[in-house]
Amino acid sequence: MMAHQAGQTAGPHGGTATTVAQAMPRPARATASAPRRVPVLTTKVGLQMPAKMAYDEWERAGRQLADVLDSSSWWLGDWMVYGKDHYTDRYQRGIRAAGLSYQTLRNYAWVSRRFDLTRRRAALSFQHHAELASMPVADQEQWLDRAEQRQWTTKQLRGALRAARQGEQQPAVPARPGRRLEVPGSRLEWWHQAAQQLGVDFEQWVMATLDSAAATALEAPGTTAERSEAAGLTGVQDVSGIAEQRTRPVAISA
């Protein structure tokens with residue numbers, strides 16, 4: 001686990017410098033060969049980085065700074081909510097005194113209100129929660145579970161949501177008889193990985209990709225990117241080369 005040290009030192013610009021370093025258990029006996037850890041100090045105007053720093057130390061400091069940045073969105077949102085609830089006639093004065101953006105704080109506060117402290121997922125970012133804030137609580141929980149279990153990035157979560165909404169909007173059509181296309185297992189696995197990377201349903205990814213290729217080959221209205229976006233997918237690679245021959249609808253077995 002990462003832990004932020006609470007110690008402060010005098011900063012070079014008249015402020016204070018807070019240590020950003022991992023709290024490590026103290027060894028039973030110090031050894032001469034053990035390297036001395038030099039902390040990274042945060043100041044109001046920047047970081048004080050040691051002259052020599054191992055890569056793992058540099059990476060650890062970056063993770064800590066990212067955690068602080070993400071957590072600060074929750075902190076400011078909760079601060080705003082408290083001010084509005086307790087100082088209805090004065091909270092805007094407090095915002096001006098702090099030099100903060102009112103619109104940004106409103107956005108943070110809205111997300112904070114939509115997710116009670118007990119429902120926030122530490123493994124997911126503030127932005128993950130913001131993507132789901134407008135949903136009913138039951139739907140929020142369902143998508144939070146998916147994002148956490150599948151370790152989705154914010155972009156992958158957004159893509160999965162877009163694909164789900166697109167699927168709900170498409171009218172049901174009678175099933176048409178299809179043919180089965182034999183696909184090598186290695187290629188099928190490759191396609192599955194691509195769909196999973198984008199955070200979208202495999203069959204929807206296949207259909208959107210083939211539709212984009214067909215549109216390019218047949219010079220149908222709309223560009224490949226537009227048709228992919230309409231299908232709720234982003235990052236679909238151009239595979240127009242496989243659509244050079246006219247084909248009938250086929251069913252791909254997963």
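**Note on the predicted model: surface, cores and salt bridges**

1. Leu 47, Met 49, Tyr 55, Trp 58 and Leu 65 make up a nonpolar surface patch, with about 520 Å² of accessible area together. A patch takes residues with over 30% relative accessible area and no salt bridge; nonpolar side chains (Val, Leu, Ile, Met, Phe, Trp, Tyr) are joined within 5 Å, like charges within 9 Å. Areas come from the Shrake-Rupley method with a 1.4 Å probe, and for residues only the protein chains shown count as cover.

2. This is a predicted model: local features need pLDDT of at least 70, side-chain atom pairs count only at pLDDT 80 or more, and totals for chains, interfaces and linings use all residues. Residues are numbered from 1 along each chain as its sequence is written, and side-chain values use heavy atoms, with hydrogens and water left out.

3. Helix α1 (residues 55–86) gives the largest share of the nonpolar patch, 3 residues. Helices are DSSP runs (H or I, at least four residues), numbered from the N terminus. Tyr 55 sits in helix α1. Tyr 55 counts as exposed because its relative accessibility is 54%; exposed means over 50%, buried under 20%, partly exposed in between.

4. Now the inside. The largest nonpolar core has 15 residues; Val 111, Phe 115, Leu 132, Trp 143, Trp 152, Leu 157 and Leu 161 have the most contacts inside it. Elements α4 (126–132), α5 (137–150) and α6 (154–169) each give this core two or more residues. A core is a set of buried Ala, Val, Leu, Ile, Met, Phe, Trp, Tyr and Cys residues joined through side-chain atoms within 4.5 Å. A second, separate core has 8 residues, including Phe 202 and Trp 205.

5. What does Leu 161 touch, not counting residues up to four places away in sequence? Glu 131, Leu 132, Met 135 and Trp 143. Contact means heavy atoms within 4.5 Å.

6. The structure holds 10 salt bridges. Each is a side-chain nitrogen of Lys or Arg within 4 Å of a carboxyl oxygen of Asp or Glu. In one of them, Glu 141 pairs with Arg 119, the closest N and O atoms being 2.9 Å apart. Glu 141 is in helix α5, and Arg 119 is in the loop between α3 (102–114) and α4, 22 residues apart. Arg 119 counts as buried because its relative accessibility is 18%.

7. Arg 158 forms a salt bridge with Glu 131, the closest N and O atoms being 2.8 Å apart. This pair links helix α6 to helix α4, 27 residues apart. Arg 158 is partly exposed, at 32%, whereas Glu 131 is buried, at 18%.

Definitions and conventions: Buried < 20%, exposed > 50% of the residue type's maximum accessible area, 1.4 Å probe, protein only.
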